[in-house]
Amino acid sequence: MDMLPPALQPVLLDGRLPAMIAGIVFLAFGARVYGLVVVAPGIIGGLALGASVGQLVGGPLAVSVAMVILALIGAVACQLFEKIALAIGGLGLGTWLAWMAWPLALRTAAPWWGLVGGGLVGALAFPRVYHLGLKPLTALVGAWAVAWAVRREQVPWVVLGLAAVGTGVQFWLGGGGGTPKSTKKPAKKER
């Protein structure tokens, strides 16, 4: 790091510049890059493990093959873990909501089947609701990163203002996150 100008060393070494860059990416494109963020640990871990395993097994070809295979396995595993984690989170949230809301609505404690039903509804509904909220959530993460980079993370209107702008930009740019695209094929035109 001695090659860097003294004025740049604090900026690069304290992590504020990378946080600013990541924050801007999440503000504008958070829902689009979310899938990459989910699978990135699996890919990086698979590449590292593949390089180690490949060196034990043989030459450069073995290293390359091991890296590709383990990176793919890591990516798929992270994608699967995300789906399972969302379902488990929804199960817990649905059960908790049923446990809290039942007495308010019916003035009795929630029966076991009410808790199970609430958990199942939560497990099925939460992943969809989560993906609908992905743009505002990623914009909020990006806003906090940018605010931290400029030393304004303690000022709520800065974080919330940036998050609002980021959410607007993401919805304006469209695509990524949100509801899954329809799998129906468009009707053919008749001549």
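Predicted model: local features only at pLDDT ≥ 70, side-chain atom pairs only at ≥ 80, totals over all residues.
Which residues does Gly23 touch, not counting residues up to four places away in sequence? Gly23 touches Gly142, Ala145 and Val146, where contact means heavy atoms within 4.5 Å.

Residues are numbered from 1 along each chain as its sequence is written, and side-chain values use heavy atoms, with hydrogens and water left out.

Gly23 is found in helix H2, residues 16-57; helices here are DSSP runs (H or I, at least four residues), numbered from the N terminus. Gly23 counts as buried because its relative accessibility is 1%, buried being under 20% relative accessible area with a 1.4 Å probe, protein chains only.

Let us turn to Thr138. This residue, Thr138, lies in helix H5, residues 134-149, and at 4% relative accessibility Thr138 also counts as buried. Leaving aside neighbours within four places in sequence, Thr138 is in contact with Phe26, Gly30, Ala31 and Gln170. From C-alpha to C-alpha, Gly23 and Thr138 are 9.2 Å apart in space, although 115 residues apart in sequence.

Finally, I come to another pair of helices. The axes of H3 (residues 60-106) and H4 (residues 112-132) come within 6 Å and cross at roughly 130 degrees; axes are lines fitted to C-alpha atoms over the stretch in contact, and angles run from 0 to 180 degrees between N-to-C directions. H3 is therefore oblique to H4, oblique being whatever is left after under 35 degrees (roughly parallel), over 145 (roughly antiparallel) and 65 to 115 (roughly perpendicular).

Methods
Helix = DSSP H or I, 4+ residues; strand = E, 2+ residues; numbered from the N terminus. Buried < 20%, exposed > 50% of the residue type's maximum accessible area, 1.4 Å probe, protein only.
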